Amino acid sequence: MNKKWWHDKAAYQIYPKSFLDTNGDGIGDLKGIISKLDYLKDLGIDIIWLSPIYQSPFVDQGYDISDYYKIDEKFGTMDDFDTLLDEAKKRDMHIVMDLVINHCSDKHEWFQKALQDPEGEYGDYFYFRKGKNGNPPSNYRAYFGGSAWEKVEGTDYYYLHMFAKQQPDLNWNNPKVLKELYTMINWWLNKGVSGFRIDAIINIKKDPEFKSFEPDGPDGLTSVCRMVDSVDGVGELLEDLKKNTFEKYDAFTVAEVFNMKKDELIEFVGENGHFSTMFDFSTHQLSFGEHGWYDSKPIQFEDFRRVIFHSQTECLDIGFLANIIENHDEPRGVNRYLPKHARNEAGFKMLGTVSVLLRGLPFLYQGQEIGMQNCRMNSIDEYDDINTKGEYKMALEAGLSDREALEACYENSRDNARTPMQWDDSANAGFSSGTPWLKVNPNYKDINVKEQSGRPDSVLNYYKKLLALRKNDSYREVLTYGACIPMYLDEDNIFAYAREKDNHKVIVLANFSDKPRVLNGDFANRPILLNNMENITLSPSSVTLMPCQAVVFGEI
């Protein structure tokens, strides 16, 4: 494998709206991010991914972009952004933008012109089709629910929106659209961003005939992903995108990819792949219900372990994946992946250990490093997320009570990850002097950065040790490029693996069960690189792990 500048780095996702507000309007801003660069550097972060900060009506929290060249005034100015780039560079840190190019906002100039003449030049920037017998062109259900087709008032035309109706899909078959997008991407790279996280990119390839499929629900619709699954050739579009943009700047790219076909992994993240890396969503996909959140099932440990090791094995000779516990589109990982007995500081450290030390690029999400948790809302009105409101409605229509529907939202809502960052125990968790745009989790009095910064055994200080271990000169090579070899697969509730390269070996052991566990092996002579508890019981032929204990052993 050719070594790349980003291979041994650690990344951190910032959700700007919820990170830190410096002007009291209740919304996080760029100046807040700038003020916390030293905090992130001290944590061990090299790459910062910003969720969208472009001009937007914020129907879908900035993933509906009305001007790709402007910073939304909620977050500050372009001068603020330039200062962020400069200050990050001084600290040898990289800024990665969110790139949303499957769709834009219905307020974008292109779409406004398209509405005036769906058959004209700008109409071809999108997908306008005439209805059939008074119905939409096909029976696709949008990802956020309802028809993926929206009627243009006063005409026979509908336009395609795979997400919200305010997010019309861009026509990637139109060379003019591609030129516009490539020019914009290169403008940001030339400005100094180090790369992009690329949103919903698998959706750019469409079947222009938009054929209907058999319904998969009582609404008579079928998920729009059925159409995505039915088409080939997305790789040609992605390769053209790379060659005209990212490749010129040696940019780092991490893709959000669902629906990838099994044999396409090497094309996506291989040595000459379309992207530097892509997120491993295998654990997240375990949470999918047949119809929605309301019939999703709790994730079982055996499935959690199985899919992670499958991903690690599958990509070993191909490339790197980006490993996550949570992000802005998921609930908090400590609620989703830890059994109830492990939802404590030892458990939070254990979950961080098994994730951060996997082969691949570790991505932390803001608040993960202090163990932020899901936030229980009292009613659907306290939620902001458009997807959550749609899932709540579907749950009620499926016959669930209000309490049951709210419980499904508590377990799965994207707003769980979007509650304001908990900096200290002052009002609003130190996030804002004004009224926060979204409810602050009431547990901020107990879980916050200030308290954990001053406590050596905190989750925050443990994450610092974890990231420092990855970069330790003695272990950097094996923890970056070493294979991930599963261990103790016959042991229930034990997550264990070795990282091996040449003659170097690091062993990671974690006990997810609620009882002490004895694992046979020669550990007594191995140095302990990390232990999330004060003590450990070793014998010449075994190690005993307490519940929620995670231990990392080095070379003999």
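Are Tyr 39 and Trp 423 buried or exposed? Hold that thought for a moment, everyone.

First, the ground rules. This is a predicted model, where local features need pLDDT of at least 70, side-chain atom pairs count only at pLDDT 80 or more, and totals for chains, interfaces and linings use all residues. Residues are numbered from 1 along each chain as its sequence is written, and side-chain values use heavy atoms, with hydrogens and water left out.

Back to the question: Tyr 39 is buried, and Trp 423 is too. Buried here means under 20% relative accessible area, exposed means over 50%, and partly exposed is in between, with a 1.4 Å probe and protein chains only.

Now the rings. The structure holds 43 aromatic pairs. Rings of Phe, Tyr and Trp (its six-membered ring) pair if their centres lie within 6.5 Å; planes under 30 degrees apart are stacked, over 60 edge-to-face, and the rest tilted. Tyr 39 and Trp 423 make an edge-to-face pair, at 5.3 Å centre to centre with 75° between the planes. That pair links distant parts of the chain, 384 residues apart, with Tyr 39 in helix H2 (residues 37–43). Helices are DSSP runs of H or I with at least four residues, strands are E runs of at least two, and both are numbered from the N terminus.

Phe 258 and Phe 281, by contrast, are stacked, at 4.5 Å centre to centre and 10° between the planes. Phe 258 is partly exposed at 21% relative accessible area, whereas Phe 281 is buried at 4%.

Next, please find Lys 206, in the loop between strand E10 (195–198) and strand E11 (222–223). Lys 206 counts as buried because its relative accessibility is 3%. Its side chain makes a polar contact with the side chain of Asp 169 at 3.1 Å, and also reaches the backbone oxygen of Asn 203 at 2.6 Å. A polar contact is a pair of N or O atoms within 3.5 Å; within protein, one must be able to donate a hydrogen and the other to accept it, and residues adjacent in sequence count only if both atoms are side-chain atoms.

Finally, strand E18 (residues 504–511), where six of the eight residues are buried. Strand E17 (residues 494–501) pairs with E18 in the antiparallel sense over eight bridges; two strands pair if DSSP finds at least two bridges between them. E17 and E18 form a hairpin with two residues between them, and Asp 502 in the turn has a positive phi of about 55°. E18 also pairs antiparallel with strand E23 (residues 550–553), over four bridges, and Leu 509 stands opposite Val 551 there.
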